[in-house]
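Biologist: I would like to learn how to read a protein model. Could you take me through it step by step?

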Amino acid sequence: MTDPASNTEPGRLAFQVTKNLAAASPAEREEKLTDPGFGTVFTDHMVDICWSEKGGWHRPRVQPYGPISLDPASAVLHYAQEVFEGMKAYRHADGGIYTFRPEQNARRFNRSARRLSMPELPEEYFLQALHELIAVDADWVPGGAEQTLYLRPFMFAKEAFLGVRPAKKYGFYVIGSPAGSYFSGGVTPVSIWLSENYARAAEGGTGAAKTGGNYAASLLPQAEAAEQGCDQVVFLDQHGNVEELGGMNIVFVKKDGTLVTPASETILDGITRNSLLELAADRGHGIERRPVSLQEWRDGVASGDIVEVFACGTAAVVTPIGTLTAAGFTDEQPQGSLGLSLREELTDIQYGRREDTRGWLRRLDA
Ligand SMILES: *Cc1c(COP(=O)(O)O)cnc(C)c1O
């Protein structure tokens, strides 16, 4: 099998592009972009690259968005070898399309892949795949306030084999889904349920990998949270330290301006969190990455030492936490303005309203 990377520039794949003949008309697209919500509308195309033990990464394609045909014995359907990423493409006022720190997503994708015994995708291929999708679907990047094209790269085991070992065939895909403002009615604090019956991850487990199984494990505790009238669930580790929400990291703001966030190998290391903390550090805030016990959280709120708590991740950027509820208590959380101020600074950079002095943006349409 020839490596398509060999008949083009080094580090670049020669994509075969098949245009979608049933692509949405401009009018249909505009209609779908008016109020896209989250995760139900998809662009006209997708990226698809194969990996096999013999051929490495091969058959890079851009093709019409549509169903993937899988053998019922495909390993992912039985043993969950799957990893993914979540990122956004932003349309700037000048029409240009940018994404945010994509090399961070590419590296994390490969860390996740290693943990799941999956092949790594060279960073250049990951980035090129984003460019290839935008090259055909640029019109799907909405330009409204707080709108984005959510990009979902993912990889799964597609070898048909029921034996338990790393698969020998994988597919890498990128799909795009236009997304509206996460908070349609303005940013409102969320209520959090403390999961005491369930864990999301364990030491030595897959907590630091962005893999579907972690989300599968979080659904029942999330349903429990909903039964208790809460929006989101927060998890503790086996030592009673705070980990994170189902899909967002958590940050505590102390009275002296220090930002404290849990550090643990069981947590997904969020790019949003790292970026917000960098912005805060540049404003002169102290940053502490260390274990935070539930006791420290509750005591800090009670004593006034903690003045604000927020969650953060690509989807909502920053979400203030309004209450923490567990079986025996509800703690009202103090409301501050730092999280939202950092949110504004970060989104201003992402949407090109503020200069990107850190080299965080990458243009995708040029
Ligand atoms: C993706 C994710 C986050 C947030 O990461 P970002 O890079 O900021 O989007 C946090 N926790 C979990 C479990 C996640 O999967």
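Predicted model: local features only at pLDDT ≥ 70, side-chain atom pairs only at ≥ 80, totals over all residues.

Biologist: At what angle do helix H3 and helix H4 pack?

Modeller: Two packed helices are described by the angle between their axes and the distance between the axes. Here helix H3 (residues 102-115) and helix H4 (residues 123-137) pack at about 125°, and their axes are 9 Å apart. Helices are DSSP runs of H or I with at least four residues, numbered from the N terminus. The axes are lines fitted to C-alpha atoms over the stretch in contact, and angles run from 0 to 180 degrees between N-to-C directions.

Biologist: Which word describes how H3 and H4 lie to each other?

Modeller: H3 and H4 are oblique to each other. Angles under 35 degrees count as roughly parallel, over 145 as roughly antiparallel, 65 to 115 as roughly perpendicular and the rest as oblique.

Biologist: How many salt bridges does a search of the whole structure find?

Modeller: Side chains of opposite charge can pair when their charged atoms come close. A salt bridge needs a side-chain nitrogen of Lys or Arg within 4 Å of a carboxyl oxygen of Asp or Glu. The search finds 19 salt bridges. One of them joins the side chains of Asp282 and Arg358, at 2.8 Å from N to O. Asp282 lies in helix H6 (residues 271-282) and Arg358 in the loop between helix H8 (338-350) and strand S18 (361-363), so this pair ties together parts that are 76 residues apart in sequence.

Biologist: Is Asp282 buried or exposed?

Modeller: Buried means under 20% relative accessible area, exposed over 50%, and partly exposed in between (1.4 Å probe, protein chains only). Asp282 has 53% relative accessibility, so it counts as exposed. Arg358, at 26%, counts as partly exposed.

Biologist: Which residues are linked in a network of salt bridges?

Modeller: Glu288, Arg290 and Glu296 are linked in this way.

Biologist: Where is Leu77?

Modeller: Leu77 sits in helix H2 (residues 75-79), and its 52% relative accessibility makes it exposed.

Technical notes:
Residues numbered from 1 in each chain as written. Heavy atoms only, no water. Helix = DSSP H or I, 4+ residues; strand = E, 2+ residues; numbered from the N terminus.
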